[in-house]
Amino acid sequence: MHLETMEPADGWEPDPGTEAAINALGDGDAVFHVWGGDWCIDCQQQLPAFGAALEYAGVDDNHIHHYPTEKNDDGSKSGPGVEAYGIEYIPTVVVERDGEEVARFVESADASIAVTLGDELRTLADDAVVSND
């Protein structure tokens with residue numbers, strides 16, 4: 001399945017000072033699970049930049065999974081993986097390594113999806129280095 005809103009935004013460039021966070025998306029073997037709806041305004045605003053950031057970071061397409069989501073009459077969401085991952089709001093991006101969730105973005109944050117998740121992945125990497133010392 002494919003989300004049109006995950007098509008990378010044309011001409012996208014990382015904001016100055018965010019390159020390290022965005023590059024962290026491509027470090028290691030992270031798998032990105034993206035729930036969204038092409039009908040969703042938040043997804044339309046955020047996912048094209050996230051798609052571009054993943055491309056910028058060199059994330060392999062095989063590591064990006066799209067889950068088109070529908071909104072039910074009661075406001076709840078339905079679609080592939082919604083129940084299994086507890087998806088209530090979109091966009092939601094779950095990052096996994098070795099089948100375990102290591103980071104999650106839900107709907108909005110102070111920074112973009114890419115920067116928010118990249119910072120979380122950098123913190124995890126820094127913590128792993130400290131614990132190995």
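Q: Why is Trp12 called partly exposed?
A: In this predicted model, Trp12 has a relative accessible area of 22%; buried means under 20% and exposed means over 50%, so Trp12 falls in between and counts as partly exposed.

Q: Why is the pair of Trp35 and Tyr67 called stacked?
A: The two rings lie 4.5 Å apart, centre to centre, with 15° between the planes; because centres within 6.5 Å make a pair and planes under 30 degrees apart count as stacked, the pair of Trp35 and Tyr67 is a stacked one. Trp35 lies in strand 1 and Tyr67 in strand 2, so the pair ties together parts that are 32 residues apart in sequence. Both residues are buried, and together with Tyr85 they form one aromatic cluster.

Q: What makes strand 2 and strand 6 the edges of the sheet?
A: The open sheet is formed by 4 strands in the order 2-1-5-6, with mixed pairing. Strand 2 (64-68) and strand 6 (100-106) each have a single partner strand, so one side of each is left without a neighbour in the sheet. Neighbouring strands of this sheet are turned by 20° against each other on average, direction ignored.

Q: How do you know that strand 5 pairs with strand 6?
A: Strand 5 (residues 92-97) is joined to strand 6 by 6 bridges, and the two run antiparallel; as at least two bridges are required for strands to pair, the strands therefore count as paired. Within this pairing, Thr92 stands opposite Val106, and Val95 stands opposite Ala103. Strand 5 also pairs with strand 1 in the antiparallel sense, over 5 bridges, where Val31 stands opposite Glu96.

Q: Why is strand 5 described as mostly covered?
A: Of the 6 residues in strand 5, 5 are buried, and because buried means under 20% relative accessible area, the description as mostly covered follows from those residues.

Q: What makes Asp98 stand out, and why does Asp98 count as exposed?
A: Asp98 has a positive phi of about 50° although it is not a glycine, and its place is in the loop between strand 5 and strand 6, which form a hairpin with 2 residues between them. Its relative accessibility is 72%; because exposed means over 50%, Asp98 counts as exposed.

Q: Why is Glu107 called partly exposed?
A: With a relative accessible area of 28%, Glu107 lies between the 20% and 50% limits and is therefore partly exposed. Glu107 is found in the loop between strand 6 and helix 4, and has a positive phi of about 65° although it is not a glycine.

Q: Why does Thr5 count as buried?
A: Thr5 has a relative accessibility of 9%, and because buried means under 20%, Thr5 belongs to the buried class. Thr5 is found in the segment before helix 1 and, not counting residues up to four places away in sequence, touches Gly37, Asp38, Cys43, Gln44, Leu47 and Pro48.

Q: Which residues have the most contacts inside the largest nonpolar core?
A: They are Leu25, Phe32, Phe50 and Leu117, in a core of 32 residues. Helix 1 (19-24), strand 1, helix 2, strand 2, strand 5, strand 6 and helix 4 each supply at least two residues of this core. Leaving aside neighbours within four places in sequence, Phe32 is in contact with residues including Leu25, Phe50 and Val94.

Q: Where in the chain is confidence lowest, and where is it highest?
A: Confidence is lowest in helix 4 (residues 113-132), at a mean pLDDT of 83, and highest in strand 1, at 98, while the chain averages 93.

Notes. Residues numbered from 1 in each chain as written. Predicted model: local features only at pLDDT ≥ 70, side-chain atom pairs only at ≥ 80, totals over all residues. Heavy atoms only, no water. Axes fitted to C-alpha atoms, helices over the stretch in contact; angles between N-to-C directions. pLDDT = per-residue confidence, 0-100. Core = buried A, V, L, I, M, F, W, Y, C linked by side-chain atoms within 4.5 Å. Buried < 20%, exposed > 50% of the residue type's maximum accessible area, 1.4 Å probe, protein only. Contact = heavy atoms within 4.5 Å. Phe/Tyr/Trp six-rings, centres within 6.5 Å; stacked < 30°, edge-to-face > 60°.
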